[in-house]
Amino acid sequence: MKALVAVKRVIDYNVRIRVKADNTGVETANTKMSMNPFDEIAVEEAVRLKEDGIVTEIVVATIGIPKCQETLRTALAMGADHAILVETEADMEPLAVAKILKVLVEKKEIDLVLAGKQAIDDDSNQTGQMLAALLGWPQGTFASNVAIKDGKAEIVREVDGGLETISLTLPAIITTDLRLNEPRYASLPNIMKAKQKPLDIVKAEELGIDVGSRLKLLKVEEPTKREAGTKVESVTELVEKLKNEAGALG
Amino acid sequence: MSVLVVAEHDETGIQPATRHTIAAACELNTDTHLLLAGKGDIESASRIEGVVKVLVASDEQYNHALAENLAPLVVKLACDYSHVLAPATTFGKNVLPRVAALLDVAQISDIVRILSADTFVRPIYAGNALATVQSLDPIKVITVRTTAFKAVSAEGGSATIEAVEVTKASNLSSFLRQELSKSERPELTSARIIISGGRGMQNGENFKLLEEIADRLGAAIGASRAAVDAGFVPNDYQVGQTGKIVAPDLYIAVGISGAIQHLAGMKDSKVIVAINKDEEAPIFQVADYGLVEDLFKALPALAEELDKVL
């Protein structure tokens with residue numbers, strides 16, 4: 001079974017973001033970038049499926065500027081076999097990303113797609129579901145356990161009420177939640193080996209699909225800041241303030 | 001044109017998230033229709049304030065809201081509507097992007113404000129920035145952050161009921177089982193008071209200390225990602241960017257340091273209390289009332305103190 005893992009290069013989760021002064025977006029220049037943490041979990045899951053003999057080959061793909069090659073190399077060092085960068089300067093919306101991934105899935109004859117459930121920059125949580133729709137495949141979103149056997153994927157999903165288990169026919173798309181696995185750190189020998197692994201670059205416009213924007217970003221602003229309040233000295237003072245000052249005890 | 005809301009509901013009834021979403025729909029247009037797919041409480045649906053028509057697709061393929069079956073139904077109905085809305089819960093987040101892609105339109109996630117029929121505000125970067133976006137699509141497919149819109153009443157409406165033709169089942173997916181947390185306490189996303197524990201709780205056993213307080217206040221119990229990752233409590237307790245977004249009247253954070261991703265899930269609470277022995281913890285920067293004390297001393301004392309005043 002051939003797996004595709006879709007990854008995104010985002011501002012590192014430890015960085016405190018800054019909104020640009022002209023309100024056109026968030027500052028990314030001179031900012032530490034990393035692989036979206038949910039996508040790391042997707043790469044790890046694919047590598048584990050390969051180690052278990054279920055997946056035979058892992059293709060990792062991303063869409064973006066030439067620097068995104070770093071993110072692909074990280075995935076290759078973790079255990080992916082082959083990488084594809086769909087190069088573009090444009091900020092692609094989830095629908096456009098899904099359309100591009102669909103082309104890759106068909107070209108590379110993919111049977112299983114893994115992706116993070118959301119990217120921590122735009123927090124959209126859409127691409128996996130959209131790709132599933134375009135391919136007519138089933139989707140296992142927010143996965144916290146994946147078991148593939150007898151031509152089916154059994155997915156445990158993290159839902160608001162608890163956990164839900166569903167069964168999907170294959171091929172299928174799985175989007176990963178936090179507790180699916182703990183991604184490995186790439187070892188130095190594997191980082192060296194990853195430099196020799198194939199990384200293809202294609203231009204987004206060469207794919208011949210409509211990736212135009214459907215949304216116009218009018219502005220990006222900082223939310224109103226919450227001010228720190230007061231420190232209380234004791235539980236007694238806390239309860240007194242909650243009752244009489246904040247009126248929060250009913 | 002009218003607005004279609006896809007109801008989140010199950011055998012226990014219609015989820016409160018649905019009524020928050022209807023509130024957003026009513027801001028857009030007064031002609032709000034509610035789609036009830038699968039086995040559902042049609043009677044209750046028709047009484048919800050603001051709903052003009054309930055569309056019923058009672059076929060068992062829609063039970064458990066499998067996206068592969070539900071999305072084609074919504075797509076078939078969508079052409080008669082200007083907007084299709086669902087709550088930004090795991091239900092809506094699962095189904096609506098699939099609907100949008102089948103319609104070849106964008107999906108707008110997690111809106112917190114409606115500026116006009118095509119312009120919306122939504123948080124990005126865990127709520128550390130707010131984006132204003134304008135949709136250029138003919139049909140706007142939107143998930144709604146429930147805490148940003150006050151729920152309409154469950155009573156007062158008198159909607160007409162209309163059966164809709166069901167779609168063909170996909171047979172791509174099937175529901176096997178669910179393990180839902182059972183609790184006598186209010187549900188996190190609709191609770192008026194929440195008390196949450198973090199890594200400082202040290203283990204799951206110690207959450208009993210929070211239960212003592214929750215029982216006195218009628219509060220729901222939440223947790224930080226650290227506490228869930230450490231296995232203290234199940235995943236459905238998690239409050240944060242990737243867990244539940246809450247905005248109660250009172251949020252009490254106990255032994256929670258206040259990572260960005262946790263703050264993203266609770267910083268719109270009306271009053272925030274932080275109890276932490278580390279006075280440098282970032283949670284104090286958003287707390288209205290901060291108490292620097294060991295939680296194992298503070299919680300029993302808080303229980304006693306509450307008994308005096310309640």
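Visitor: What stands opposite A:Thr165 in strand 13 of chain B?
Guide: That's B:Arg177. Keep in mind that this is a predicted model: local features need pLDDT of at least 70, side-chain atom pairs count only at pLDDT 80 or more, and totals for chains, interfaces and linings use all residues. Residues are numbered from 1 along each chain as its sequence is written, while chains are lettered from A and ligands numbered from 1 in the order they are written.

Visitor: OK, how many bridges join strand 9 of chain A to strand 13 of chain B?
Guide: Seven, and the two strands run antiparallel. Strands pair if DSSP finds at least two bridges between them. Strands here are DSSP runs (E, at least two residues) and helices are too (H or I, at least four), numbered from the N terminus.

Visitor: Switching to helices: at what angle do helix 3 and helix 4 of chain A pack?
Guide: About 50 degrees, with their axes 8 Å apart. Axes are lines fitted to C-alpha atoms, for helices over the stretch in contact, and angles run from 0 to 180 degrees between N-to-C directions. So these two helices are oblique to each other; under 35 degrees counts as roughly parallel, over 145 as roughly antiparallel, 65 to 115 as roughly perpendicular and the rest as oblique.

Visitor: Is that crossing left-handed or right-handed?
Guide: Right-handed. That's when the near helix is turned clockwise from the far one by less than a right angle, and left-handed if anticlockwise.

Visitor: What about helix 5 and helix 8 of chain B, how do they cross?
Guide: At roughly 15 degrees, and their axes come within 9 Å. That makes helix 5 of chain B roughly parallel to helix 8 of chain B. Their crossing is left-handed.

Visitor: Which residues make the contact?
Guide: B:Leu209, B:Glu212, B:Ile213 and B:Arg216 from helix 5 of chain B, plus B:Leu299, B:Leu302, B:Ala303 and B:Leu306 from helix 8 of chain B. Six are nonpolar, none polar and two charged.

Definitions and conventions: Two residues are in contact if their C-beta atoms, placed from the backbone, lie within 7 Å. Ala, Val, Leu, Ile, Met, Phe, Trp, Tyr, Cys and Pro count as nonpolar, Asp, Glu, Lys and Arg as charged, and the others, Gly among them, as polar.
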